[in-house]
Structure formats: structure tokens, C-alpha cells
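Colleague: I would like to learn how to read a few features of a protein model, going slowly through each one.

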Amino acid sequence: MRKSVSLQRSITLSVLSIGLLSGAFGLAFAYWQTKHSLREAIGLGFQELARQSADKVGLILEKEIEWVERLSSLPQVREAVREGTRLTFDQQVLDRWKESQRPYFRSLEILDRRGRSVGGATSEDIKTRYSRQPWWPVVFEQRQLWVGELRLEEKGDGDLEVAVPIVDETGAVLGAIKAVIEKDQFLTSVLRSRIGETGHVMLIGPQGTVLACPLLPLGRHTALVGPLRDSLASGRSLPEAAWMEVLDDAHGQRGGIAGFASVALRPGIVQAERWSILVRQDPDEAYAPLRILLWKLVVFGMLVFAVVVLLRWRLGCRIVQPINALVERVQLLGQQSGKEPVTVPQSSGIVEIDTLAASFDEFTERLKSASRERERYVAELERANRELVLSEEHYRMLWDHSTDTRLLVNEGGMIQAVNRRGEIKLGAPADRLIGTKIEDVFREQDRAQLRRLLETVTVTKKELSVGEMQIPSPAGGILTMEVDLVQVENAGSPIAVMVQLSDLTEKKRLEEQLIRSERLASLSHFASMFAHDIRNPLVGIKKTLELLEQDGRRKPVAHRQWWDDMRLTIDLLLGMINDMLDVYQESYSGLPLLNSTVSVKGLVADVVQLFRSEATAKRIVFHVEMPDDDVTITADRRRVLRMLVNLIHNALKFSPYGGKITVSVHMEMRECPGYESLDTSAPFAVIQVADEGPGIAPEDIPHVFEMFGRRKDPGDIRTGRGLGLHFCRLVVAAHRGKILAENRPVGAVFSVELPMNKEAYAGHIADCRGSTAF
């Protein structure tokens with residue numbers, strides 16, 4: 001918890017803080033600015049001194065080199081080198097040169113191209129030694145002047161080698177003059193420059209080593225640390241003159257300022273190493289004026305602080321007293337406890353404080369009025385909250401106990417809420433459904449349409465009745481739902497879409513059962529009347545044909561096949577009528593059989609012959625595959641024949657123009673569970689009818705043998721009434737066989753398996769419902 005502070009103390013601290021901070025920042029800025037200016041002035045001064053010293057060293061060295069050049073251009077020197085004669089300094093010109101330059105040169109040697117001294121003897125070893133010197137190719141091959149490295153001795157002395165080519169009138173190099181110059185002769189005048197007590201000039205080598213220093217012996221210098229040393233060591237190009245701060249100025253002083261400049265000779269002179277002039281001074285001596293300024297600034301700051309303290313006391317007394325009076329009025333207002341506040345008029349003499357007091361009185365009146373309004377508003381708000389809670393509970397009860405499944409879906413299609421009916425129908429708790437996509441609840445073929453409809457409702461903000469859709473049932477089946485989409489808004493802004501699912505599965509099932517029952521009743525009544533009315537005329541036709549057949553003298557031989565086809569057709573028609581009567585007798589509970597030994601080969605031949613004319617008209621070819629030996633079964637020939645007629649008629653109906661129908665017969669051994677008197681396996685006759693039609697939809701295969709089971713396309717004229725294949729199933733079941741339907745790459749194939757053992761039918765009347773699984 002923050003500590004309470006009085007206003008007077010706060011004002012005091014604020015004024016002091018502002019004064020101290022502003023003063024501190026001002027003093028710090030003045031110190032920084034002064035230090036920066038002083039540092040820059042010192043650096044520029046050191047830089048200029050280093051540049052002047054570097055130029056002076058270069059001029060002195062160039063002067064000595066020019067003297068050697070003048071010596072090499074004398075005719076006496078050229079002649080002596082050309083003729084190989086000894087050169088003496090007895091001549092007046094040479095003697096005068098010798099006396100004037102003796103203090104500057106430690107030694108001087110005149111050599112010809114063979115590396116021997118002029119007028120002296122030489123050998124191959126001496127020539128080889130000179131040719132390996134670094135100056136030899138510079139002088140004799142490049143025809144340039146050469147200045148070698150500064151060689152130092154332990155005592156601090158040193159010298160410098162200089163090589164100058166001797167050139168004739170044509171420019172050919174005849175020889176060279178190699179001179180050794182004393183170090184002090186060209187550095188003494190430069191190293192005498194001093195700045196104060198510790199400021200001086202140094203000569204720096206290419207690796208940052210100190211070559212000459214007037215203050216310390218060479219062995220006592222520390223390593224130069226800083227960007228200058230890094231640039232010299234790495235060989236990077238440096239400006240002609242600059243200044244910078246160094247971490248170590250080679251004298252053990254840190255943070256000093258150094259000015260440097262490169263010693264450069266005129267073009268045409270090759271330097272074996274680059275030198276630099278470094279000017280430095282102890283930081284204490286360099287920044288001494290800054291310390292004096294710092295003390296002056298400290299004294300000035302203390303005076304300012306004293307003035308600020310005095311002004312603070314006067315300002316605090318002037319402001320705090322009226323404020324304290326106003327605080328007392330506020331405390332009196334808080335102690336009234338709803339009564340009229342006591343107004344204590346008091347003039348502070350400060351316009352702002354008096355205005356604040358008047359505003360406080362006005363605020364008191366407004367506060368009283370606002371308090372009454374607040375009490376009324378709070379009462380209304382509490383009543384509205386109670387009504388809202390009751391309304392929310394009511395709607396929550398309606399939501400959870402709705403008979404329809406309801407889900408709230410956001411714009412991304414994610415489920416946000418689900419009622420209890422939805423948890424039951426979808427077979428999952430709400431926490432598992434929330435956060436999943438609504439489209440995952442529906443079948444794959446309905447998901448794209450659902451996404452489009454959700455987008456439509458979101459854009460149009462209108463309720464939309466989708467119609468029927470199907471969702472997978474938790475029990476493994478399919479639920480038919482009527483889907484409605486309703487936009488849910490909050491304060492006029494859409495927040496979600498409510499998906500309402502009304503379960504129509506039971507309703508659809510009851511409707512289908514009702515329609516099926518009505519159709520069965522109508523069909524039963526119609527079939528009974530039809531079979532009863534048409535049976536007698538067909539019997540008369542059959543008898544007439546039999547009488548015509550007995551009168552052989554009046555029947556042409558060419559028409560015999562027609563008579564046979566007509567008789568077979570009438571037999572089938574009569575068999576179909578009898579089957580209809582059998583199927584619908586006793587509420588379709590049984591199908592009686594008249595078993596006999598039947599040739600499967602003969603059955604197939606009769607059915608193929610029956611549809612030969614219709615197949616020829618559509619240019620459809622029958623391909624019959626039979627074993628060499630005839631296959632016989634014990635069965636009701638008329639009913640099995642009718643079953644084959646239905647299968648081949650369906651194949652012919654759905655085959656394309658110019659197609660092929662394959663009818664194959666073969667024998668297989670099958671397991672026979674359920675018969676205690678039989679072996680575990682027995683022979684079965686397998687009859688297959690394959691076409692090249694469109695095949696069967698995968699969802700229709702489980703229902704093709706059901707009564708009134710038809711294709712889903714009602715506009716196809718080839719679709720029947722759903723009785724033929726149902727009759728085939730009854731016949732096969734009565735014979736304790738099996739019938740299957742499946743697709744192949746092109747078309748469909750129906751397979752019928754009938755047992756060949758007659759013991760399976762001894763005294764048996766088959767149950768047409770439930771004896772075999774399809």
C-alpha cells in the first residue's frame with residue numbers, strides 16, 4: 001500500500017525534483033559539451049602538430065636523398081662507375097661535399113652494376129649478396145630511389161639506408177650509391193617539439209611500435225592499443241592526418257587523445273616501411289581545464305539549490321493553506337450523512353482556489369441530484385436483472401428440453417453450443433462436440449451443400465429451410481433430419497447461426513410401412529382377382545393348342561416351333577399366376593414345391609430359346625458356358641424355370657444395344673451347416689447370369705431382393721415393380737439355396753447356388769422368410 005504524503009511535502013519534493021533534475025541535466029550537458037569541445041580542440045591541435053611534424057621529417061629526408069641524387073649526377077661519379085676506376089674525394093667538388101655532409105651520413109658506398117665498389121675488386125659472392133638486397137631490384141630494374149627500414153640499436157641509436165641509381169644521359173642505370181643516414185640527423189629537430197610537460201612527438205613504425213620518443217627509452221613503452229594500432233597492424237590505408245582516443249598511448253595512460261599523420265615522401269621514392277608521427281599528452285594534463293570547470297559548475301549548482309529551497313517554502317505556504325481549508329469542507333460534507341452540507345465561505349486570495357471552492361458548492365448540489373437518480377436507476381436495474389435471470393432460465397429450459405436437436409455455429413462453421421437432445425441424437429457429450437465442425441456431423445455428400453447454405457444465411461441474415469439431410473446414427477444407422485438454419489443476433493449484430501435438426505427417421509419409417517402395407521393389400525386383392533379371372537381363358541387356349549397338336553395332318557412342319565413356343569409361354573403364364581396365388585396365400589407364409597429331377601442344361605436352353613427373338617432384335621448375343629456332363633438337381637422345375645426367366649429378362653432389359661449376356665453353369669462343393677443328417681460339405685449347382693449394363697448402385701445392392709425394391713431413378717422406363725427379384729429370392733430360399741447380386745467391372749452378375757442332394761428336400765416345405773441370409 002502506498003504511503004500517504006501531504007500536499008505541502010509533495011509540492012516541496014516536486015519543486016526540488018524539478019529544480020535538481022533540470023539543474024543536474026543542465027550541468028551534465030554543459031560538462032559534456034565542454035568536454036566534447038575541449039576534446040575536439042585538443043585532437044585537432046594534436047592532428048595539426050602531427051601533420052606538420054610528418055611533413056618536416058619528409059622534407060629533411062628528401063633533402064638528404066636529393067643531395068645523394070646530385071652526387072650521383074656528377075660526371076666524375078658517372079665516369080668512375082662506367083670505367084670501373086677508383087673514385088677519390090681529393091677533387092675540390094667531392095671534398096667540399098664530403099666535409100658538408102659528414103655529420104649526416106654514417107657511410108656511403110658507390111657500386112657498379114656488378115656489385116663492386118668503384119675502383120675496387122669484387123667477387124661473385126659480393127655481387128650475389130648485393131643482388132639479394134631489397135633495394136637492388138628497385139634501383140637497377142625499376143630505376144627508382146629506395147629508402148630502407150629504420151634500424152635501431154639497444155642504446156637507442158639507429159640509422160637508415162638510402163639507395164639512389166646512377167643514370168647516364170640515355171637513362172641507363174650504370175650503378176648505385178648506397179648511403180647510411182644517422183637517425184638523429186633527421187629526427188632531432190622534430191622530436192624536440194613539446195606540449196606542456198608531458199605532450200611530445202613520437203615516430204611510430206608500421207606495426208604500431210615506437211621507433212623514436214624523446215620522453216621514454218624505447219624498451220619502456222607499452223603496446224599501443226586502439227583503432228590506430230589495429231589499422232597499422234592490418235595494413236589498411238589511413239588518412240594523411242587524423243586524431244582519436246586510444247585505450248593505451250604507449251606510455252601506460254588510458255583514455256588519452258592522440259593525433260597522427262603518415263610520413264610520405266615524394267613520388268619516385270620507394271619506402272621499405274611506412275612511418276607515422278604520433279602526438280600524445282597525459283590525459284590528466286590534457287583535461288586539467290575541464291576539472292577546473294567542473295568545480296565551478298558544482299559551486300554554481302549548490303547556489304541554485306539554495307535558491308530553489310527558498311522558493312519552495314514560499315510557494316508551499318501560498319498554495320497549501322487554501323487547499324487545507326477546502327479539505328476541511330470536504331470532510332464536513334462526508335460527515336453530513338445525507339443532510340444538507342454546510343457551506344463555509346472562505347476566500348483564499350487565489351483566483352484558481354476560489355473558483356475551485358465555487359465549483360465544489362455547485363458539485364455538491366449536482367451530487368445530491370445524481371444520488372437520487374442513481375437510487376432510482378439501481379432499483380430499476382435490480383428489477384430488470386431479476387426478470388433477465390427468470391427469462392434466461394426459461395429459455396435455457398426451452399433450449400435443453402427441446403424435442404429437436406439445436407446447435408449454435410459461428411462464422412467459421414465451428415459448433416459453439418448444443419442442447420441435451422443434440423447430445424442424445426449425436427451420441428456425444430457437449431464438451432466433445434463444441435469446437436468441432438458442423439459439417440462433420442453430416443454425411444460426406446451433404447457437407448458441401450451445408451457449407452454453401454451456412455454462407456448464404458450469414459450473408460443474407462435470413463432464416464432458411466434446407467429440407468431433408470441424413471446424418472450417421474451413433475448406433476450405426478442413418479438418421480433423416482429436416483434442417484433449418486436461423487441467424488442469431490445480439491444487439492443487431494450476427495453472432496452465430498442456429499442449426500435445428502428435426503428427426504424424421506421414425507416418421508419416414510412409419511410412412512414407408514404404411515405405403516408398403518397399402519400397396520401389399522392392393523396388390524394382394526388385385527392379384528387374387530387377376531389370377532382367378534385369367535386362369536380359365538388360358539386353360540382353354542392351352543387345351544385348344546393341344547387339340548391342334550393332336551391333329552398332325554392339319555399342322556405344317558415349319559410351324560411346329562411356333563406351336564412349341566406358344567405352349568411354353570402359356571405354361572409360364574399359368575405358372576406365374578399359380579405363383580402369385582401361392583405367394584399371397586396365408587399372408588405369404590409358405591411356397592409349396594413339386595420336386596423332380598431337373599436338367600439345368602435343359603432349363604438354360606429353354607430360357608435362352610424363349611428370349612432369342614427379343615435378343616436378336618437388340619443384337620444381343622447369348623454366351624452359354626456349360627460343363628461337358630449335364631448337371632441335374634432335385635427341384636421344382638416350373639419355379640426354377642420362372643426364376644431363370646426373371647434373371648435373364650432383367651439382364652436383357654438392362655443390357656446395351658449390341659451387348660452380351662453370359663450364362664454359366666458349374667458345380668462346386670459348399671459347406672452345409674445346419675443339417676445333422678448330411679456331411680459337412682455337399683455339391684451345389686452354381687448358375688450365373690452376367691450382363692454388360694450399368695450395374696447396380698452400391699446403396700441399392702442390400703435391397704434388390706426386397707419386395708418393391710427398385711432402382712432410385714424413377715424416370716428409367718426399364719425399372720420394374722420390384723416383384724421379380726423378390727420372387728427369385730423366395731424360390732431360392734425354398735430350395736435351401738443362396739442368391740447373390742454384385743457388380744463387376746462392366747455390368748452386374750447374379751449368382752444362384754442350389755444343392756444337388758435330393759435328401760435336402762425330403763418332406764420339406766421351405767420357409768420363404770429367413771432361411772438364408774442375402
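**Reading the model**

Modeller: The chain has 19 helices and 25 strands, where helices (H or I, at least four residues) and strands (E, at least two) are DSSP runs numbered from the N terminus. This is a predicted model, in which local features need pLDDT of at least 70 and side-chain atom pairs count only at pLDDT 80 or more, while totals for chains, interfaces and linings use all residues. Residues are numbered from 1 along each chain as its sequence is written, and side-chain values use heavy atoms, with hydrogens and water left out.

Colleague: How many aromatic pairs does a search of the whole structure find?

Modeller: Rings of Phe, Tyr and Trp (its six-membered ring) pair if their centres lie within 6.5 Å, and planes under 30 degrees apart count as stacked, over 60 as edge-to-face and the rest as tilted. Here the search finds 4 aromatic pairs. One of them, F705 with F750, is edge-to-face, at 6.2 Å centre to centre and 90 degrees between the planes. This pair links distant parts of the chain, 45 residues apart, since F705 is in the loop between strand 23 (681-690) and helix 19 (724-734), and F750 is in strand 25 (residues 748-755). W135, W136 and F140 form one aromatic cluster.

Colleague: Are F705 and F750 buried or exposed?

Modeller: Buried means under 20% relative accessible area, exposed over 50%, and partly exposed in between (1.4 Å probe, protein chains only). Both F705 and F750 are buried, and buried residues make up 37% of the 774 residues in the chain.

Colleague: Where is M302, and is M302 buried or exposed?

Modeller: M302 is in helix 9 (residues 288-334) and counts as exposed because its relative accessible area is 57%.
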